[in-house]
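Dear colleague,

Please find below the structure that I am handing over to you. My notes on it follow directly after.

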2 protein chains.
Amino acid sequence: MRQFLLVGHEAPTTAEFSLEDLPGAGRLDLLARSVTSAFLLSHAIRESVRCRLVLADEFTVRLEGAELRNLRPDERSTAALLRTALEARENAVGSIPAEPTPGVYLHRQGVEGALAAAADEGRLVQLHEDGKPASDVDPPADPVFVLSDHREFTGCEAEFLVQHDTERVRLGPEALHADQAITVAHNWLDTDGWTAV
Amino acid sequence: MRQFLLVGHEAPTTAEFSLEDLPGAGRLDLLARSVTSAFLLSHAIRESVRCRLVLADEFTVRLEGAELRNLRPDERSTAALLRTALEARENAVGSIPAEPTPGVYLHRQGVEGALAAAADEGRLVQLHEDGKPASDVDPPADPVFVLSDHREFTGCEAEFLVQHDTERVRLGPEALHADQAITVAHNWLDTDGWTAV
């Protein structure tokens with residue numbers, strides 16, 4: 001399984017935001033694009049993908065490719081899906097997530113909890129300018145790509161990644177947006193060992 | 001210079017569309033994402049990029065990376081930029097484009113005219129499932145990636161591409177959305193001959 005974990009440092013934690021200004025809603029535009037990059041192909045969904053969005057260290061939205069329904073490629077409808085998740089925030093109690101729509105789970109969980117859960121499920125991979133070029137690295141079997149939004153990881157987040165022996169990989173010489181990095185990471189895995197017929 | 005030419009078969013040709021429903025406006029969400037994928041890096045713009053969007057075989061919006069100002073990563077603001085271009089449609093007369101905002105040119109030009117102009121400026125490259133894997137191909141010096149929106153190229157468009165000796169390349173085993181393909185194509189060119197320091 002491929003996983004992506006995106007830390008949204010300024011993301012909203014309530015449903016009180018406007019779909020008309022997603023950048024102003026803690027860069028929800030970027031989070032929405034990252035979700036669609038993680039799951040959508042041209043006319044299909046990548047079922048064997050899990051994506052976690054950490055919202056301001058308070059909630060984590062977990063999306064499951066095998067269960068998702070009606071995920072559409074535009075930012076606004078994806079942001080509306082995330083807003084529906086936040087409308088169910090009172091149902092996320094303790095370790096029990098809310099399940100507002102198929103394949104979408106809202107956990108009362110911050111960065112550390114989300115990273116710990118992901119680290120239990122696969123190998124953490126950070127896309128980093130000091131990493132080895134992807135072309136020189138064999139992808140791990142169950143990679144969990146850990147990304148940050150428009151801000152850098154905090155000191156605590158970076159420390160956690162070091163403690164969990166996170167692999168550092170570089171996809172290319174240019175610094176990409178999180179959603180672009182997800183698309184390139186998928187292509188890296190798609191083409192690993194691929195021979196066109 | 002890197003170029004992208006995206007054919008929007010159902011794209012609007014007037015400014016009479018709502019920013020609240022970009023998918024319903026001839027998949028303007030996809031066109032907007034393709035523009036930002038073509039130009040934007042994490043904290044920079046790719047200046048040596050030209051992008052043409054063909055709008056329903058009637059108009060072509062040409063965007064120039066070296067001149068663009070205020071291109072933001074979200075779909076809505078990019079769609080607003082395209083709407084502003086279409087508001088100037090009466091100023092696009094004959095071969096003279098309108099120039100409504102810096103780096104954005106609106107031409108009264110359909111698919112064939114846009115393809116012919118691009119073919120004069122570089123080597124046409126079609127991302128195609130019958131193409132050679134990108135990893136086995138040396139990228140041409142001035143590639144013009146030709147893409148279609150959610151629809152296939154028409155017979156006439158496909159014929160034009162054959163006549164112009166268009167190179168066929170495959171980026172991977174999965175069929176991607178146009179904006180994702182642009183991101184992966186950039187990475188292909190970025191990493192060609194790249195050695196991380």
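**Strand E3 of chain A and its neighbours**

In this predicted model, Leu53(A) lies opposite Val61(A), a residue of E3(A). The strand that pairs with E3(A) here is E2(A), residues 49–55; the two run antiparallel and are joined by six bridges. Together E2(A) and E3(A) make a hairpin with three residues between them, and in the turn Ala56(A) has a positive phi of about 50 degrees.

E3(A) also pairs with strand E5 of chain A (residues 104–107), again in the antiparallel sense, over four bridges. Within that pairing, Arg62(A) has Tyr105(A) as its bridge partner in E5(A).

Strand E3(A), residues 59–64, is largely enclosed by the rest of the structure, because six of its six residues are buried. Both faces are covered: one side carries Phe59(A), Val61(A) and Leu63(A), the other Thr60(A), Arg62(A) and Glu64(A), and all are buried.

**The interface of chains A and B**

Contact between the chains involves 34 residues of chain A and 34 residues of chain B. The two bury about 3,000 Å² between them, with 60% of it on carbon and sulfur atoms. Zero salt bridges are found across this interface, whereas 13 residue pairs, both at pLDDT 80 or more, are in polar contact.

On the side of chain A that touches chain B, the elements giving two or more residues are helices H1 (28–39), H2 (75–87) and H5 (178–191) of chain A. H5(A) gives the most, with six residues. By class, this side of chain A has twelve nonpolar, eleven polar and eleven charged residues.

With kind regards

Key: Residues numbered from 1 in each chain as written. Chains lettered and ligands numbered in written order. Predicted model: local features only at pLDDT ≥ 70, side-chain atom pairs only at ≥ 80, totals over all residues. Heavy atoms only, no water. Contact = heavy atoms within 4.5 Å. Buried area = accessible area lost by both parts, 1.4 Å probe. Salt bridge = Lys/Arg side-chain N within 4 Å of Asp/Glu carboxyl O. Polar contact = N/O pair within 3.5 Å; in protein donor to acceptor, adjacent residues only side chain to side chain. Nonpolar A, V, L, I, M, F, W, Y, C, P; charged D, E, K, R; others polar. Buried < 20%, exposed > 50% of the residue type's maximum accessible area, 1.4 Å probe, protein only. Pairing = 2+ DSSP bridges.
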